[in-house]
Number of protein chains: 2
Amino acid sequence: MDLASVRTTDAQRPVRVAVDAMGGDHAPLEIVIGAVAHARETPSDEVILVGDEDRIRAAAGGPLPSNVSVERSGSVIEMDEAPAAALRAKKDSSIVVAMDLVKRGRADAVLTAGHTGAGMAAAVLRLGRLPGVDRPALAVQLITSKGPMVFLDIGANPDSTGENLYQYAHMGTLFAERVAGVSAPTVALLSLGEEKGKGDARVQRATALLDASTLRFIGNVEGKDLVHHPADVVVCDAMLGNVTMKFFEGLSSYIFDLLREEFRRAPRGPIAYALMRPGIARIRAKFDYERLGGSPLLGVRGTVLITHGRSRRRMIGYGVAVAAAAARARIPELIAEAFAEGGPGRLPGDRPGAGAAMSPEPAPAEASIAASEGGEP
Amino acid sequence: MDLASVRTTDAQRPVRVAVDAMGGDHAPLEIVIGAVAHARETPSDEVILVGDEDRIRAAAGGPLPSNVSVERSGSVIEMDEAPAAALRAKKDSSIVVAMDLVKRGRADAVLTAGHTGAGMAAAVLRLGRLPGVDRPALAVQLITSKGPMVFLDIGANPDSTGENLYQYAHMGTLFAERVAGVSAPTVALLSLGEEKGKGDARVQRATALLDASTLRFIGNVEGKDLVHHPADVVVCDAMLGNVTMKFFEGLSSYIFDLLREEFRRAPRGPIAYALMRPGIARIRAKFDYERLGGSPLLGVRGTVLITHGRSRRRMIGYGVAVAAAAARARIPELIAEAFAEGGPGRLPGDRPGAGAAMSPEPAPAEASIAASEGGEP
């Protein structure tokens with residue numbers, strides 16, 4: 001994402017980002033250092049570090065800048081806890097306290113590197129869904145040969161419907177346009193063939209809804225074309241999105257590990273490596289997911305960015321920047337406007353009949369997210 | 001796959017493989033050359049080349065070995081045709097004639113590099129499902145750090161149920177054990193988290209069925225662990241399997257293309273490449289999917305192997321070998337035995353109650369496969 005491309009409207013609006021200082025493999029040290037670094041670089045933003053005050057101040061290793069404050073919390077939700085139970089038992093946990101800051105209007109966004117399931121559940125339970133949104137979706141910017149592509153849902157809700165995918169397409173389009181800086185974003189559905197309409201019942205239903213909408217829907221993308229596809233927003237069910245996103249991570253790491261091993265193993269590998277250093281750096285830059293900051297949870301009443309549990313200071317710094325950019329772009333407000341104009345379950349700009357066909361009953365998003373146990377999304 | 005590991009029972013049984021000589025991007029030339037090469041190497045196998053006799057004999061460029069014969073067919077189903085309509089219109093096409101050879105007991109297996117949707121539809125329509133099998137599944141041997149993993153369904157039927165996944169697990173286990181030579185294969189479900197039972201409703205249902213079965217079920221595998229996971233058989237719905245398998249192809253090609261470009265671009269790239277040549281060859285060997293031969297369609301009344309549309313002689317040779325190995329191992333007969341013993345919808349070795357919970361109504365596999373339009377699976 002190119003932060004410079006964030007729309008200039010409100011570009012100077014100061015925003016307050018509540019950072020869950022206790023969540024993540026390297027919390028609080030790396031979280032605090034990364035968040036404070038962002039605060040120093042962007043004095044107009046305010047950072048609220050949520051967690052154990054003594055440990056936060058120790059991690060900072062000196063006085064905090066004037067635009068950084070500390071909000072105390074009690075317990076921490078560990079990676080191996082079941083989110084729903086943990087949230088019930090730990091109402092003073094850093095993630096709940098951070099969400100409550102947004103709920104009470106004391107912060108504009110939350111960034112967490114903690115337990116993804118707990119982060120999503122806390123957002124839905126404490127902030128709630130936006131009116132008209134049946135289910136929130138977790139998005140990511142997937143690395144492709146032409147730059148990042150907004151890709152959702154990567155894990156908020158399995159068992160989605162065609163109507164859910166249709167709503168994800170609207171939310172992803174707003175994020176692509178207003179935060180990732182894409183002009184007139186195009187939308188595609190991830191499926192098992194490239195012909196429009198080919199796929200399961202869910203994809204077929206979403207195809208009918210998207211065809212009848214004003215979104216720039218360009219049909220299906222299949223697995224082999226995902227890294228080169230022109231679509232700016234790609235939509236799918238959580239099972240497909242989650243497996244694809246994590247398989248990207250697993251497969252690319254495997255290939256790069258094999259290469260590293262061969263450069264080490266070859267008798268003149270270090271020479272070959274030295275000759276190839278600029279090229280390897282170029283490839284590494286293409287696969288640098290840290291600067292994408294993390295995964296926005298779209299469809300809740302507030303800006304929530306969930307970042308990698310393994311994040312260190314650099315990715316946390318980008319995470320705070322992306323959370324601030326999304327809050328500054330008023331993504332939740334834009335989604336609310338888009339979904340409210342045509343009435344519940346009806347989207348503006350849809351041709352008559354398309355919106356009316358949507359289910360009047362929202363899916364039980366809270367139950368679904370809360371039931372999703374485990375760590376990473 | 002290590003062909004030497006095929007069980008010695010029946011290892012010497014000669015089998016007859018009907019090869020669709022007209023299907024694939026490089027048909028008939030590469031198909032004929034690859035199939036004839038296998039026939040020369042394995043004199044006990046019989047190869048029946050199905051297609052235009054003049055073109056087949058021209059492609060062979062000389063007299064055919066005594067264990068190769070030609071079966072004439074008329075039309076060819078092109079890659080851009082809708083399978084169901086094409087099969088109705090072209091009853092004399094090479095893929096239909098090849099299936100009919102198996103149906104009439106004149107061949108034991110079919111290999112095709114043609115239109116995947118048409119190949120699957122022809123198999124289901126001409127051969128039919130095995131008794132007790134609700135839906136056939138297309139499998140592949142996915143490349144992992146520990147060797148090939150049997151992975152299904154990669155595209156036969158979207159909108160599968162938990163019961164379908166459960167049947168795929170049984171069929172995949174038989175293929176892993178009897179063709180891929182894995183002793184006591186373990187089974188996992190591909191899902192959005194590694195905790196057993198985490199996933200959509202389909203995965204939860206399959207988990208209950210697998211837990212109650214005698215299969216060696218070891219829980220979930222998530223996307224990031226797929227390339228290193230110890231499971232021998234991984235099961236999922238066609239949407240997930242198809243996207244994952246094709247994303248593997250697209251992403252790995254992208255990374256290798258980037259590397260190739262950097263080796264070309266660097267001033268001393270050719271020197272670096274020369275130094276790294278053995279290592280690059282080792283990596284290439286790991287990603288050599290050609291020797292896996294293709295994708296077995298499991299659950300139909302006959303051995304059917306669908307291989308890559310871009311296959312050239314080398315992959316076709318392996319394809320004929322794998323098709324012959326699967327026929328020799330009597331995979332369809334073993335599936336029929338396994339699914340028939342406990343009665344329809346009931347699998348042997350299941351604890352009481354597990355099988356009984358299966359849907360008595362088979363899913364409309366024919367309709368579903370026939371409705372899948374387009375080229376590659």
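## Two packed helices

In this predicted model, the axes of helix α4 (residues 94–103) and helix α5 (residues 116–127), both of chain B, come within 9 Å and cross at roughly 35°. The crossing of α4(B) and α5(B) is right-handed (the near helix is turned clockwise from the far one by less than a right angle). Axes are lines fitted to C-alpha atoms, for helices over the stretch in contact, and angles run from 0 to 180 degrees between N-to-C directions. Helices (H or I, at least four residues) and strands (E, at least two) are DSSP runs, numbered from the N terminus.

α4(B) contributes residues including B:I95, B:V96 and B:M99, and α5(B) residues including B:A118, B:G119 and B:A122. Contact means C-beta atoms, placed from the backbone, within 7 Å. The contact residues divide into 8 nonpolar, 1 polar and 3 charged. Ala, Val, Leu, Ile, Met, Phe, Trp, Tyr, Cys and Pro count as nonpolar, Asp, Glu, Lys and Arg as charged, and the others, Gly among them, as polar.

## The sheet

Chain B has an open sheet of 11 strands with mixed pairing, in the order β3-β2-β1-β4-β11-β10-β5-β6-β9-β7-β8. Strands β3 (68–72) and β8 (216–222) stand at the edges, each with a single partner strand, so one side of each lacks a neighbour in the sheet. Pairing takes at least two DSSP bridges.

Strand β2 (residues 46–51) of chain B runs parallel to β3(B), joined by 5 bridges. Here B:L49 stands opposite B:V70.

## Reading the model

Residues are numbered from 1 along each chain as its sequence is written, while chains are lettered from A and ligands numbered from 1 in the order in which they are written. Local features need pLDDT of at least 70, side-chain atom pairs count only at pLDDT 80 or more, and totals for chains, interfaces and linings use all residues.

Notes
Two residues are in contact if their C-beta atoms, placed from the backbone, lie within 7 Å.
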